Amino acid sequence: MIKKSIEIALRPENLKFQKERGILNCVLHPFYFTNIEATEYAAKNYYEDLAKDKGNEILALFHKYIKNDGLAKFRVYEFRRELLEELIRNIINYSNYRNESAVEDYRNGKKTINDFINLLINNGILEVTHVTQKQLTRYNMPFLYRNYFGAKNPNIRY
């Protein structure tokens, strides 16, 4: 992320911006390491590395489905349990993923939807928030991953 942030900061248009604002004297202005391009680059590298680990192969399909193949209602950064379970069932049963070995254990019943949810939580892809007043569970995508997944505001009312 730092390497990408420095690359962004050294672009001619950004050097001009820094000079105009008088911020050339700082090592790396916070704007560059909080930049969407830099955070998406870091999220992509980190996530792809996670998805390569043994047992995590389905994470690549989780991202691909949300970002490219799934319905717009799944491109959100906050899920109620029902919506998350529907998303996971769609990933497992999606016809384009029929030949993917990563979904095989879920299709044949060796692994469950709860196993998938726990995989997402244990790898930091989703965070669990319990809303006790309404007695429901929300699953939130950390800020790091929101742009990488193309996730938008869910407009959920509690």
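This is a predicted model: local features need pLDDT of at least 70, side-chain atom pairs count only at pLDDT 80 or more; totals for chains, interfaces and linings use all residues.

Residues are numbered from 1 along each chain as its sequence is written, and side-chain values use heavy atoms, with hydrogens and water left out.

**The whole chain**

Begin with the cartoon view of the protein, which has nine helices and three strands. Helices (H or I, at least four residues) and strands (E, at least two) are DSSP runs, numbered from the N terminus. From the N terminus on, the elements run α-α-α-α-α-β-α-α-α-β-β-α.

Of the 158 residues, 38% count as buried. Buried means under 20% relative accessible area, exposed over 50%, and partly exposed in between (1.4 Å probe, protein chains only). Among the contacts (heavy atoms within 4.5 Å) with a separation of 6 or more, 58% are accounted for by residues 24 or more positions apart.

**Helix α5 and its cover**

Select residues 58-69, which form helix α5. Which residues of this helix are buried? They are I58, L59, L61, F62, H63, Y65 and I66.

Several helix pairs can now be examined in turn. Two packed helices are described by the angle between their axes and the distance between the axes. Axes are lines fitted to C-alpha atoms, for helices over the stretch in contact, and angles run from 0 to 180 degrees between N-to-C directions. Angles under 35 degrees count as roughly parallel, over 145 as roughly antiparallel, 65 to 115 as roughly perpendicular and the rest as oblique.

Show α5 with α8 first. Their axes are 11 Å apart, and the helices pack at an angle of about 90 degrees, which makes α5 roughly perpendicular to α8. I58, L59 and F62 of α5 make the contact with F116, L119 and L120 of α8. These residues divide into six nonpolar, no polar and no charged. Here Ala, Val, Leu, Ile, Met, Phe, Trp, Tyr, Cys and Pro count as nonpolar, Asp, Glu, Lys and Arg as charged, and the others, Gly among them, as polar.

On the α4 side, select E40, Y47, L50 and A51, which meet L59, A60, F62, H63 and K67 of α5. By class, this contact of α4 with α5 has six nonpolar, one polar and two charged residues.

**Helices α6 and α8**

Select α6 and α8 together. How are these two helices oriented to each other? They are roughly perpendicular: their axes come within 10 Å and cross at roughly 105 degrees. R81, L84, E85, I88, R89 and I91 in α6 meet I113, N114, F116, I117 and L120 in α8. The contact of α6 with α8 has seven nonpolar, one polar and three charged residues.

Stay in α6 and select I91. I91 is buried, with a relative accessible area of 0%. Not counting residues up to four places away in sequence, I91 touches L61, F62, Y65, Y97, V103 and F116.

**Three further stops**

Move to T112, in the loop between α7 and α8. T112 is partly exposed, at a relative accessible area of 39%. A polar atom of the side chain of T112 lies 3.3 Å from the backbone nitrogen of N114.

Then select T137 in strand β3 (residues 136-140). Is T137 buried or exposed? T137 is buried, with a relative accessible area of 19%. Its contacts beyond four places in sequence are with F79, R80, R81, V128, T129 and H130.

Finish at K3 in helix α1 (residues 2-9). K3 counts as exposed, at 70% relative accessibility. K3 and A38 are 35 residues apart in sequence, and their C-alpha atoms are 8.8 Å apart in space.

Terms used: A polar contact is a pair of N or O atoms within 3.5 Å; within protein, one must be able to donate a hydrogen and the other to accept it, and residues adjacent in sequence count only if both atoms are side-chain atoms.
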